[in-house]
Amino acid sequence: MAESIVPESIQKSRPASDVDWSRVARQGALGGLTMVFIAAAGMVTVLDKRMIVDPWLSLGLIILLWVPVFFGFMAAREPTPDGGEAPVKGERDLLAGMVTGALAGLYFSFLIVLIDRFDISDWLSNLLPKLVDILTFGRGIGTAAAIWIIGSALLGLIGGALQVVSPRVRRMVTWAVVGTIVVAMLELIVTNLFQGLHIEWVADLLYAPRGGLTTQAAFVLAVVFGISGFRSSGKSLDQRRQERMALPKEVLARRNLIAWIVTVIAVIFVPMFVGGLTNELLANVGLFVLMGLGLNIVVGYAGLLDLGYVAFFAVGAYTTAVLTSTESPYWMPELTLNFLRPEGWIVVGAVILVGSIAGILVGTPVIRLRGDYLAIVTLGFGEIVRILFLSDWLSPYFGGAQGITNIPSAEIGPVVIPGTNSQAIFYLLAVFSGIAIYVSWRLQHSRLGRAWSALREDEDVAEAMGINTTAIKLTAFVTGAIFASLAGMIFAAKVGAIFPISFRLLISIVILVVVIVGGMGSITGVIVGAVVLIGVLGGPTQPGLLQEFGQFKLLIYGALLVVMMLKRPEGLWPSLRRQRELHHDELRQDAWLTGDPGQDTAEVDA
Amino acid sequence: MSMLVISELRKGFGGVQALDGVNFHIDKGEIVSVIGPNGAGKTSFFNTITGYFPPDSGLIAFNGLDIGGHRPHEITELGIARTFQNVRLFPNMTVLENVMVAQNCRTTTGVFGSLLNTPGFRREEAEIEERGKEILSFFGQRLKGYRWDQPAYVLSYANRRRLEIARAMATLPELILLDEPTAGMNPRETAEMTQLINRLRDERGLTVVVIEHEMRVVRDVSDRVVVLDHGVKIAEGDYETVSNDPDVIEAYLGRPAEAGNA
């Protein structure tokens, strides 16, 4: 390593006995506040019904118990100064963790005493006496407070200890805990899968009759996960990804191809072995993948922030409804969405055509707008479209608030795809998403894709370099609009009845969050984002895998978005370009500190 | 006939008259420097030619065609390329992508060509890449090899300036406008840039207008020098004539004390 430029005073780490008490007080207060907030949001009461390990550990407790561990861990973590040495780990970290936990528990027990003594449910409707019952474990209030303080202190101690132990042991513990909880949380889908494979007895072994893992199963799982955590290499996904990127291009291309083939095979065969519930989740994910891919072109590739994207989804759904529904009030062509007959393709063609026109109508007035202004105007357009469909003025055509009902299901030749058959709907969406993936992929690496990224980087310069920005912006809007209208078409055929209320602003926002959390400009990112948000947490109206969290979905969305923006702004699975963009300052700083210009960092002047 | 003829060009921003009746012409194969003190209207001159601002009045004729009021991309397509005073690359695109994207207006493949991966599309992609690499090789070893796949932001300052010129060349222009190409460069790099500007004409057959503050560069590259001050052309001619012109000296240094009293 090159000679360090950091002053010696910073490099030296503090002695192991010296605790940073202000940090401990801060983390303890934050921890206590978090626990109080979780209780006040009603999560404890609602989630207490869901067992994780029968009969002693409920989800309601788990969402409280992670808090002292986490903040204990944070309090014991001392940042390594840039270019300096890592601080020596020792007893002081254990002490810091324990005191932090105890403080958090202390603050939290104040809350318990408070709701026990006074009825404050008028102000905070979730702080009911019932919560006290849960939190006191049926004992006296004094005992309960002591349990919480001592318990939290122990959990904080564990958090602190996680800082002290070797990374290997830390991995073992986290794998064991997280793995066991994940298996417990996935009870529904795992049981479903085992039923599909006709091995229900495995599920019966794992899970207790009233939900949750059995204690024995939890123990076995923890051991299994602990061992695999201990034996894992401990490389993060990003490290693996970077290693992969360093491979020769041909090897990389072959691996990517294999990964895609495996994915396609999984998409074809997995739905056959899982039950209806999982298929329903998959269908929801598929819908948002299709829309997310469209928005990804507009926002991720071309950099145009569109907050009214739901408008195109609505236009596609209403076009389908008007053309196919027997109840459609004015127009009665009554075509069927049959993919093997010409009238079906008339519907598809009409949806694409109307979607493109909508794209042009929204795109043209906003051509000259940038950034915030563009976002606000598209937001307005999204609402205008919904309100037009809702209006009395157009109700002879679109049915106003009553919407359009009796939309026939999609068909393939003689085979009907009823909306209730989520497996078939999923396949349908998978086909359309597959087309959308192909289109995104081809366009990204073409003349148009390059022009889009130039537009995103610097619109003025793009124009000076001979790019017709008007034309490529409209192309982006139209391509995005077509994907969303096709999603709308399938949605209409699936649900059979559409109402303006189905096309709220929230949908636009959720699609945008899918793209942002997944990774803007990355096809895989959109899929990952849709699986995590829609599949696991649930869509705006659709339940997700973690149905228990249903009523806290938006709260979790918000929290997730905040954490993502702070810790990982490039998304879960970013495109290479986006990753470079958001982290190149850090890379350059590292290079400067270590005096090693490296491959992908600042070049020393030529 | 002159390649670019500008007559009585006026452009004002509120109270400031950035260009106040400028006449200018450049013939094919010429290198003309535009100099002048800060705020003289040099960059506004470039911005008006390249269509960033429409002129208030006056004529801009390129190859006999009035281009006043055309949009920037149309003007680039007609054959005028430019660089920027403060380097403006596409920083997160790779070096090669930067020169590839600049060929946009010289290529034609549409959405369907790329979707269907037609032979025409593949041929054109190969051509774009080939031409991009050829243009980058104009700068010797500096922008070649492993640099192709590096994002533009990792380049050194001087290499960014070079890449910006490469990107302008990739639009396949006849006339190239360089806005302070040696700003912030050290003497060695400046000398190299001087050669490079001459090579743009000699090897590439380009006509060059260059805004420059470094007088040595102006001397070594210019066939003709045009001096702007407060939006007005105050002198024109070869370097020797202009550098001894009393009006030019006054514009840069102010009036001598005794003359001011007179």
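Which strands of chain B does helix α1 lie across? The points below take this up first.

1. This is a predicted model. In chain B, helix α1 (residues 42–49) lies across β1 (4–13), β2 and β4. The helix runs at about 65 degrees to β2(B).

2. Those strands belong to an open sheet. Four strands of chain B make it up, in the order β2-β1-β4-β5, and the pairing is antiparallel. β2 (16–26) and β5 (65–66) of chain B each have a single partner strand, so they stand at the edges, with one side of each left without a neighbour in the sheet.

3. Strand β4 (residues 57–62) of chain B is joined to β5(B) by two bridges, and the two strands run antiparallel. In one pairing, Ala61(B) has Asp66(B) in β5(B) as its bridge partner.

4. The loop between β4 and β5 of chain B holds Asn63(B). Most residues other than glycine have a negative phi. Asn63(B) is not a glycine, yet its phi is positive, at about 50 degrees. Asn63(B) has 16 other C-beta atoms within 10 Å, so it counts as partly exposed.

5. Leu172(B) also deserves a check. It is not a glycine, and its phi is positive, at about 50 degrees. Leu172(B) sits in the loop between α6 (157–170) and β7 (175–179) of chain B. With 18 other C-beta atoms within 10 Å, Leu172(B) is partly exposed.

6. Finally, Leu253(B) is part of helix α10 (residues 246–253) of chain B. Leu253(B) is exposed, because 9 other C-beta atoms lie within 10 Å.

Technical notes
Residues numbered from 1 in each chain as written. Chains lettered and ligands numbered in written order. Predicted model: local features only at pLDDT ≥ 70, side-chain atom pairs only at ≥ 80, totals over all residues. Pairing = 2+ DSSP bridges. Contact = placed C-beta atoms within 7 Å. Axes fitted to C-alpha atoms, helices over the stretch in contact; angles between N-to-C directions. Buried ≥ 20, exposed ≤ 12 C-beta atoms within 10 Å, placed from the backbone.
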